[in-house]
Amino acid sequence: MSEKQHDIQLFCATYNVDECLEEIRECLECGWTGMGFKTVAFENKWKEYTGLNNAYYLNSATAGLNMALDILKAEEGWEDGDEVITTPLTFVSTNHCIPLAGLSAVFADIDDTNCLDPKSVAERITDKTKAIIYVGMGGNAGHYEDIVKICEDNNIKLILDASHMAGTRINGVIPGKEADVVIYSYQAVKNLPTADSGMLCFKKDEYDAIARKKGWLGISKDTYARTVNAGNYKWKYDVEYVGQKYHGNSIMASIALVQLKYLDRDNAYRKQMCSWYREHFNKYPELIKLITIPENCDSSCHLFQILVENRDEMMLALNAAGIFPGVHYTENTMYRMYSYAHGSCPRAEYVSDHVISLPLHLRLTKEDIDYVAEQVIKIALKK
Ligand SMILES: *Cc1c(COP(=O)(O)O)cnc(C)c1O
């Protein structure tokens with residue numbers, strides 16, 4: 001058995017430091033760190049990478065989710081209290097955007113992919129259902145294609161919270177063109193880490209244009225355009241909406257531009273680490289349950305999750321062995337905010353009590369993965 005060398009954390013971002021600093025230096029030298037310049041460059045690179053029509057760079061995915069619901073509600077004429085079907089197994093930011101927009105969050109259950117179960121979703125559709133928010137948990141696309149079909153058949157909008165999905169492909173293609181809006185996170189622990197930023201990708205150009213106003217206090221033109229456009233009255237602008245300050249900046253975009261170059265390479269190593277974990281755990285299918293990833297899904301491998309009987313004990317025992325895993329997530333109906341739906345999603349409740357996300361980041365070696373896996377197995381066998 002391998003010896004413990006050092007503490008092993010769940011996440012630790014790895015940056016191409018010199019290249020990031022070089023991009024940031026350009027901003028500092030020319031005196032432009034705000035919206036425009038690098039943010040536009042990154043939006044263009046992201047559209048190229050994903051094949052999506054639009055990409056508006058923001059200060060977080062949370063901002064993107066909030067704007068997605070706000071704009072869809074206003075433009076599609078949804079009423080207060082109209083329903084959005086969503087997953088309880090997610091970061092609360094996925095769900096807060098619903099009540100924030102005056103809409104009602106309806107929770108559907110998950111399946112063995114840890115993503116929304118299409119059957120449960122179909123059961124929860126009412127004549128008030130306007131949208132579904134789908135989370136590709138840990139990078140797994142789950143049964144996304146069935147959800148797309150449900151949305152088409154029922155004339156329901158599809159919002160893809162792709163915060164974990166930077167680099168995920170279905171049948172070799174980055175998903176999202178079929179969704180009404182896709183939101184990515186480049187928060188510090190995600191697969192494409194900056195420090196904090198995100199992307200909002202509307203299918204409709206019209207909604208992208210509205211987002212670009214609402215994301216900067218409702219102002220009609222961005223500062224950069226006004227500065228570089230020669231001519232009179234460049235200081236003038238109109239305010240068309242009550243907006244938020246949600247847009248991204250060129251320092252974050254500088255980091256993103258560099259990190260995107262290495263995203264597929266980095267995800268390939270994540271995939272390698274996941275297969276090392278699987279080799280260990282496949283020998284103990286009763287003790288350590290793995291999450292199903294459909295065959296046509298090439299996951300970004302944001303998370304490596306297992307389900308174990310004695311989760312809380314195992315977390316403590318792993319901590320004692322210098323390993324610091326995580327839990328994604330406490331299912332959201334456990335929170336007071338969403339407790340009205342408690343008991344409606346039994347599979348999510350089970351997963352919430354049994355799931356562990358094992359350490360998965362680019363600084364881990366095969367020896368680290370072997371050590372973590374051996375400790376997990378040792379603790380599970382003691383039961
Ligand atoms: C991280 C995360 C978010 C929020 O991303 P931020 O960029 O931190 O706002 C939303 N949804 C999911 C599923 C996430 O994991």
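## Terms and basis

A residue is buried when its relative accessible area is under 20%, exposed when it is over 50%, and partly exposed in between (1.4 Å probe, protein chains only). By that rule Arg311 is buried, because its relative accessible area is 9%.

This is a predicted model: local features need pLDDT of at least 70, side-chain atom pairs count only at pLDDT 80 or more, and totals for chains, interfaces and linings use all residues. Residues are numbered from 1 along each chain as its sequence is written, and side-chain values use heavy atoms, with hydrogens and water left out.

## Overall build

The protein chain has 13 helices and 14 strands. Helices (H or I, at least four residues) and strands (E, at least two) are DSSP runs, numbered from the N terminus.

The radius of gyration of the protein chain is 21 Å. A compact globule of 383 residues would have a value near 21 Å, so the two agree. The radius is taken over C-alpha atoms, and the globule rule is 2.2 Å times the number of residues to the power 0.38. Along the principal axes, the C-alpha atoms fill a box of roughly 75 × 55 × 35 Å. Of the 383 residues, 56% count as buried.

## Salt bridges

The whole structure holds 18 salt bridges. The term means a side-chain nitrogen of Lys or Arg within 4 Å of a carboxyl oxygen of Asp or Glu. Side chains of opposite charge can pair when their charged atoms come close.

Arg25 counts as partly exposed because its relative accessibility is 44%. Glu29 has 61% and therefore counts as exposed.

Another salt bridge joins Lys38 and Glu26, with the closest N and O atoms 2.9 Å apart. Lys38 lies in helix 2 (residues 38-50) and Glu26 in helix 1, so this pair ties together parts that are 12 residues apart in sequence. Lys38 is buried, because its relative accessibility is 6%. Glu26 is at 38% and so counts as partly exposed. Salt bridges that share partners join Glu23, Glu26 and Lys38 into one network. Elsewhere, Asp312 pairs with Arg311, and their closest N and O atoms are 2.7 Å apart.

## Surface patches

Patches are built from residues with over 30% relative accessible area and no salt bridge; like charges are joined within 9 Å, and nonpolar side chains (Val, Leu, Ile, Met, Phe, Trp, Tyr) within 5 Å. Glu145, Asp146, Glu152 and Glu178 form a negative patch. Lys and Arg count as positive and Asp and Glu as negative, while His and the chain ends are not counted. Each charge is placed at NZ of Lys, CZ of Arg, CG of Asp or CD of Glu. Asp146 belongs to helix 6 (residues 144-154). Asp146 counts as partly exposed because its relative accessibility is 40%.

A nonpolar surface patch consists of Met334, Tyr335 and Met337. Together they have about 300 Å² of accessible area. Such areas come from the Shrake-Rupley method with a 1.4 Å probe, and for residues only the protein chains shown count as cover. Met334 lies in the loop between strand 13 (323-324) and helix 12 (346-354). At 49% relative accessible area, Met334 is partly exposed.

## Backbone exceptions

Most residues other than glycine have a negative phi, and most peptide bonds are trans. A cis peptide bond joins His328 and Tyr329, with omega about 5°. Tyr329 is in the loop between strand 13 and helix 12.

Asn155 has a positive phi near 55°. Its place is the loop between helix 6 and strand 6 (157-161). Asn155 is exposed, because its relative accessible area is 70%. Asn171 also has a positive phi, of about 50°. Asn171 lies in the loop between strand 7 (169-170) and strand 8 (181-185). With a relative accessible area of 53%, Asn171 is exposed.

## Tyr269

Tyr269 is in helix 10 (residues 263-281). Tyr269 counts as partly exposed, at 25% relative accessibility. From Tyr269 to Met199 the C-alpha distance is 24 Å, and the two are 70 residues apart in sequence.
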